[in-house]
Structure formats: structure tokens, C-alpha cells
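Hello,

Here is the structure I promised to pass on to you. Please have a look at it first, and then read my notes below.

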Amino acid sequence: MPDTGPPSPSLGEPMRPEEDTSDEDASGEDMPTKDALAPPPLSLTNDTEAEDLVSPMMPNFPPRDVKIEVNGNGNGNGSDSSPKGGWASGSSFGEWAEGGPPMTPISASLNKRHLRRNSRQYPNMVIDTSKTKLHPPLNPQPASEKDPGANPTLPLSALPRPPGLEYHPGGNKSLEGIAMRAFCLGNALSLCLSLVVAILAFTSSALWRIPFFVGALALFHFLEFWTTARRNTKEAGVKAFLLTANWPHYAIAHSAAMLECLVTNMLWPRRSWAPLYLGPVLLLLGLLLTFMGQFIRTAAMLQAGSSFNHIVQTRLDGHELVTTGIYSVIRHPAYFAFFWWGLGTQLVLGNPICFVGYAAVLWRFFSIRIREEEIWLVNKYKEDYPEYRRRVPTRIPFIG
């Protein structure tokens, strides 16, 4: 390739950065107008570097060993002294002059020096990265025997995803996301336990019930992830915390429960909503249901192991029908546990309205979910599951 002047458009080969011996823009023929191909476009700024183009898809590929080939569109702010209109491909991105087309495609190869220089010279430049390529490619393919001169350069979309990308921030199993959620849940549990003790020790208020409820939620969501990580490790991602499950209905239900408890205890602190002065009995029953529900759900998930999943599975490869231990007494013990755990928390909060609402919503949810799940279980286990279903009840009222 010659050291001066841009390549001929017919060659389709951009000027390489290392061949640029001058910061002077080379002239060339105007290229036809072309719209950007791949949203979102990348705008060059003074802070843009080669890593910004490579790192999102190739986080472990050393940018210092890479040249980046791009097709771009120029839009503004070049040298006013240029006699020509539009962009010219060449050792830099060309120049802008009055009378040129509003968007003219360019082609160039970038390294850090070129990217910094052109981001200063053309601050409004927009690069279309739809045909971005790496030189050298990560895993260059051998040239075809029919075409010994085939170019091994691969577009970024064809490059294999590096292993472990799901563990990076934003991934399904982001270690940063898991650590932050566990940290926040642990702090919430500790703070809530401290508030419960302080309110009971220094006041006669019943508002200790709210931090108890929040602490029970924090423990529940942490144990959802912990049991998954211990016994079904391949499914242990940020979603295993179930913090955004059934969003926003789940958050609305818990917010309503706390609001009802707050309002009733602030406006009617002395009034008991339990019939026949059974308030202390219902409170004790609520505490027992809450702790029993949490224990049974955690035990059921640990026993089922990889056969338990938070999402109803339509493909049961590797799934085993568990009928021993707690599963020999309760069918779907994890659903049974959450149903009674939810009702227990409302008894602790002293919420007559939310108790009825929780009972109706949870019963409907689990009746539909169990019916859908058992369709797949019957198809998988044929006569074994119907026989197990006849023998072991769900122990959720009116859900056989």
C-alpha cells in the first residue's frame, strides 16, 4: 500500500494507522452518501479510546494489540480551510467544508493515536460500528483451500463470546450483583433485628412488627439464593434472589402490608382487631407459621437440589421425582411453605385486610402454578406421578 494518499475506493481497503506518517489529511474522491447502519452509533469524544470499541465484546483481549477497522459517517467541524466538500477517506478521517454532503461515509483503521487525534479534530463525528473488525482476529479461521488468499478477519458479531462473560457486571450471574444483593440483605436483616429489640425494650409500641416483617423478607430472599447456590449451583444467578419476581405485584403487596400495619398502629394504637381478645394467640400463631414456612421451604429446596427451579420447567432433562423425606408428607412443600409463611407474616403484622388479600392472591397463584407444573410432571413420569399425587396432598386448602 502506498505511503501517501488514500486508497482507491475500488480496492475497499482502508489506510492503516501505522502507515500514516503525517497529521495532514489526505485528499481523495468524495464517497456517496450513506446512512448509518447499526444503531446505536458511537460518538467520538476526547475521552474515547480504542478500548471503548473493543472491551464491551472482548473484555479479555488486549487493546494494545488490536487495530479497529470501522465504517463511519462524518458530521461536522473539520478544517475550514479545506477546499473540498465532504469527507475523504485516507490516513485520517478527511475534512469537512461548506457545500459538502451532510453525511458522507468514511473508512479507516484506528488505534489509540488516531482515535484521540480525530476526536479532537472532529468532535461531532459519528462512527457506524456495524462492520467493525479486529486486526488480528481473536480466532482467525484458516484460509479456504479454494481461496488461499481469503481474508481471515472476522466481524465482531461472528467472534465467539469469551467464557465467563455472564459473571461480569450486568451478566446473568454477575458476581458484583450477587455480592451487592447479599450485602444489602444482610445489613437489612441486622438493622431490622436491632430495631425489633430496641422497640420492644424501650417502648410499648406495636410498630416492632414492621421491622420484623422486613427482616423476615430479607432472610427469605437471601436463603432463596443460598439454597440455589448450594444445591443447584448452575442456576445461581442474580435472579435466584427473587427480589424482582412477579414485579411489581410482589412489591405492591408487601408495601400495602406495611402501610396497613403503620396506619392502624398510628391511628388506633390501643385497639385490638382480633375477635374475643385473641390477639396474643394470633400473634403467636403468626410467628409459628412464619418460622415454620421458612424452615420447610429451605429444607425442601435443599432436598430437591437440581430438581427444584424457580421457573416452571417445560423440559425436565436431569429432573428426578423426589418422593422421600418432606416430599413424602407434603406435595410441593416449597409452595405450601410460602403460602403459610405469607399468611403468618400478616398475622404478625395484625393486618385483617391484607390477611384476606394475601390468602386470595396466594391461593390463586399456587393453584394455577401447581396445575401447570403437574401437566409436565405427568407427561414426564407417566403413571408414577399420578400415583404419588393421589397419595400425598399439597396441604394447601382446596388445592388437591
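UniProt, in an unreviewed entry, places the feature "transmembrane region" at residues 182-202, 208-226, 274-300 and 347-366. Those positions are given in the numbering used here, the feature names are shortened, and such annotations may be inferred rather than shown by experiment. Please keep in mind that this is a predicted model, in which local features need pLDDT of at least 70 and side-chain atom pairs count only at pLDDT 80 or more, while totals for chains, interfaces and linings use all residues. Residues are numbered from 1 along each chain as its sequence is written, and side-chain values use heavy atoms, with hydrogens and water left out.

Residues 182-202 are 100% helix and 0% strand, and their end C-alpha atoms lie 30 Å apart. For residues 274-300 the figures are 81% helix and 0% strand, with 33 Å between the end C-alpha atoms. Helices here are DSSP runs (H or I, at least four residues), as are strands (E, at least two), numbered from the N terminus.

Now to the charged side chains. How many salt bridges does a search of the whole structure find? The search finds five, where a salt bridge is a side-chain nitrogen of Lys or Arg within 4 Å of a carboxyl oxygen of Asp or Glu.

Three residues deserve a look together: Arg331, Glu374 and Arg389 are linked in a network of salt bridges. Glutamate 374 meets arginine 331 at 2.7 Å, N to O. This pair links distant parts of the chain, 43 residues apart: glutamate 374 is in helix H8 (residues 352-381), and arginine 331 is in the loop between helix H6 (279-304) and helix H7 (333-349). Glutamate 374 also forms a salt bridge with arginine 389, with the closest N and O atoms 3.2 Å apart. Here the partners are 15 residues apart, arginine 389 being in helix H9 (residues 384-391) and glutamate 374 in helix H8.

Are these side chains buried or exposed? Glutamate 374 counts as buried at 7% relative accessibility, and arginine 331 is buried at 1%, whereas arginine 389 is partly exposed at 32%. Buried means under 20% relative accessible area, exposed over 50%, and partly exposed in between (1.4 Å probe, protein chains only).

Another salt bridge joins lysine 234 and glutamate 235, with the closest N and O atoms 3.1 Å apart. Lysine 234 is exposed at 55%, and glutamate 235 is partly exposed at 35%.

Best wishes
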